[in-house]
Amino acid sequence: MKFFVDTANVNSIREAYSWGVVDGVTTNPTLISKEGRDFKETIVEICSVVDGPVSAEVVNLDAEGMVREAREIASWHKNIVIKIPMTKEGMRAAKTLKAEGIRTNITLIFSPNQALIAAKAGGMFLSVFVGRLDDIGAESMGVIRDTVDMIDTYGFDSEVIVASIRHPMHLVESMRAGAHIATIPFAVLDQMFKHPLTDIGIERFLADWAKVPKG
Ligand code: G3P
């Protein structure tokens with residue numbers, strides 16, 4: 001499973017990338033706005049840190065506007081993938097962008113039907129928001145399983161991104177569902193490393209090592 005970091009904070013991205021397990025980055029308008037920095041400057045800096053797909057989202061709602069915006073954003077760096085919302089206009093834009101060789105990440109997917117349409121429109125990544133589905137009491141991991149199966153059954157090139165991850169168990173469930181990618185907030189990625197028995201184990205090894213006679 002590939003790990004993307006779900007943040008626009010360059011310091012967090014730098015740190016997470018240094019751990020050696022990060023394959024890409026996803027951002028969205030909310031995450032960009034949290035940083036209080038210029039959009040282009042932020043995305044270009046992220047691309048200089050991470051050698052992998054970096055998702056940047058368009059904000060136009062009509063297909064022509066999305067395509068115009070996408071062409072501009074994609075011209076900033078070869079790593080950029082354009083995030084497009086799961087709408088009819090978005091799918092029109094995705095199809096045009098695919099024909100131009102611009103990679104897309106179809107975002108705000110909440111059902112297997114939407115995922116199927118996004119795959120047909122040529123989305124390279126299909127972002128299913130599990131946390132927001134959980135928030136409304138829906139069975140989020142069922143959508144991930146169905147989407148993975150749909151891609152396998154029909155041989156689409158798309159990959160599922162589990163997005164809107166809130167806690168480490170989401171990762172365990174994503175792994176069981178066979179998700180291709182998880183985009184993980186920095187704090188959750190940090191939590192994934194931790195287990196009290198690891199800390200206790202290291203402490204015990206060091207204490208015992210101190211008792212070993214050294215020449
Ligand atoms: O990748 C999408 C993600 O950033 C949305 O997360 O927590 O706002 O639902 P959240």
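**Model.** I am working from a predicted model.

**Ligand shell.** I asked which residues are around the ligand. I found D6, N28, F129, R132, A163, S164, R166 and T183. I then sorted this shell by residue class. It divides into 2 nonpolar, 3 polar and 3 charged residues.

**Polar contacts.** Which side chains place an N or O atom within 3.5 Å of a ligand oxygen?
- D6 has a side-chain N or O atom 2.6 Å from an oxygen atom of the ligand.
- S164 has a side-chain N or O atom 2.7 Å from a ligand oxygen atom.
- R166 puts a polar side-chain atom 2.9 Å from an oxygen atom of the ligand.

**Burial.** I next looked up the ligand's area. Taken alone, the ligand exposes 310 Å². The protein buries 81% of that.

Where does the ligand sit? I find it in the largest pocket.

**Salt bridges.** I asked how many salt bridges the structure holds. The count is 11. I picked one of them, between the side chains of E45 and R14, with N to O at 3.1 Å. What does this pair tie together? E45 belongs to helix α3, residues 39-49, and R14 to helix α1, residues 10-18, so the bridge links parts that are 31 residues apart in sequence.

Note on methods:
Residues numbered from 1 in each chain as written. Predicted model: local features only at pLDDT ≥ 70, side-chain atom pairs only at ≥ 80, totals over all residues. Heavy atoms only, no water. Near = heavy atom within 4 Å. Polar contact = N/O pair within 3.5 Å; in protein donor to acceptor, adjacent residues only side chain to side chain. Areas by Shrake-Rupley, 256 points an atom, 1.4 Å probe, with all protein chains shown as cover. 1 Å grid on protein atoms, 1.4 Å probe; cavity = no way out; pocket = protein on both sides within 12 Å on 5 of 7 lines; lining within 4 Å. Sits in = over half its atoms within 2 Å of the grid points. Nonpolar A, V, L, I, M, F, W, Y, C, P; charged D, E, K, R; others polar. Salt bridge = Lys/Arg side-chain N within 4 Å of Asp/Glu carboxyl O. Helix = DSSP H or I, 4+ residues; strand = E, 2+ residues; numbered from the N terminus.
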